[in-house]
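Biologist: Please take a close look at the ligand site, and describe what surrounds the ligand.

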Amino acid sequence: MTAAAALDYLRDPNAIYRASFAAIRAEADLSHLPADAHPLAIRVVHACGMPDAAADLVLSADAVTAGIRALRSGAPVICDAEMVAHGLIRRFLPAGNPVVCRLNDPTVPALAADLGTTRSAAQVELWQGDLAGAVVAIGNAPTALFALLEKLDAGWPKPALILGFPVGFVGAAESKAELARNSRGVAFAALRGRRGGSAMAAAAVNALGAGCT
Ligand SMILES: C/C1=C2N=C(/C=C3N=C(/C(C)=C4\N[C@@](C)([C@@H]5N=C1[C@](C)(CCC(=O)O)[C@H]5CC(=O)O)[C@@](C)(CC(=O)O)[C@@H]4CCC(=O)O)[C@@](C)(CC(=O)O)[C@@H]\3CCC(=O)O)C(C)(C)[C@@H]/2CCC(=O)O
């Protein structure tokens, strides 16, 4: 049997990252973003392969500093989906920050049925104790973002930062527009429109974590 010929592709992980980030810097227009948000924008684009997504990124002026400060202080990262939680590069979290996702808490299905909502939104009921000063990363569920904003309107503790990246056709654009219109006094970053996703939300956290070093 003859040995299979090795295909020609880049194998060095650091070289792959360098080449990706260089391509994004060359292709994505980041000029509307403050310099401290460029690493976050680059990682978000990196996670989806769409340089034009950078144009839809909106941030409050304090988003990056608030996120980095919160992570350094050991704040929890609250995620709407396990996919977001699993996308976090743990070695980037500077203080062994707890990662919280309550979607699969055994009480959530009954809670969702009682409240007449999704499991993603029902889990927000379980976030109250972790919310003060936290980084909240929403990458999947528009209903979770809407529910969080409703809780803030009801006087719940404020997180340090909301990363709004829900994706899809029902409620994604609307929930992020509401966050950008009125973030309830909380620093935020969001991707306007239908695009988003767990990988992008995790990438945003990873960029902040990398910025802590
Ligand atoms: C309406 C929902 C949407 N889900 C999308 C895309 C993806 N979802 C995946 C997976 C595996 C999960 N999605 C759930 C969060 C599930 N998705 C929903 C809900 C029905 C409602 C959310 C909402 O509208 O706010 C939601 C169920 C719920 O009751 O909350 C998930 C919990 C479903 C499950 O059966 O477990 C699960 C999350 C698992 C986890 O990570 O913890 C996908 C991988 C596709 C799939 O279903 O196989 C994909 C991932 C996208 C991503 O990057 O995160 C949409 C398209 C975003 C859609 C929301 C809007 C719409 O237009 O329909």
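**The ligand site**

Modeller: The shell around the ligand holds eight nonpolar, eight polar and two charged residues (Ala, Val, Leu, Ile, Met, Phe, Trp, Tyr, Cys and Pro count as nonpolar, Asp, Glu, Lys and Arg as charged, and the others, Gly among them, as polar). This is a predicted model in which local features need pLDDT of at least 70 and side-chain atom pairs count only at pLDDT 80 or more, while totals for chains, interfaces and linings use all residues. Residues are numbered from 1 along each chain as its sequence is written, and side-chain values use heavy atoms, with hydrogens and water left out.

In total, 18 residues surround the ligand, each with a heavy atom within 4 Å of it. The closest are Glu-82, Ser-120, Thr-143, Phe-169 and Ser-198. Two of these side chains come up again: a polar side-chain atom of Thr-143 is 2.5 Å from a ligand oxygen, and an N or O atom in the side chain of Ser-198 lies 2.5 Å from an oxygen atom of the ligand. From Arg-119, a polar backbone atom is 2.8 Å from a ligand oxygen. Such polar contacts are pairs of N or O atoms within 3.5 Å.

On its own the ligand has 1000 Å² of accessible area, of which the protein covers 58% (Shrake-Rupley method, 1.4 Å probe). The elements giving two or more residues to the shell are α4 (82–87), α6 (119–122) and α8 (142–153); helices are DSSP runs of H or I, at least four residues, numbered from the N terminus.

Definitions and conventions: A polar contact is a pair of N or O atoms within 3.5 Å; within protein, one must be able to donate a hydrogen and the other to accept it, and residues adjacent in sequence count only if both atoms are side-chain atoms.
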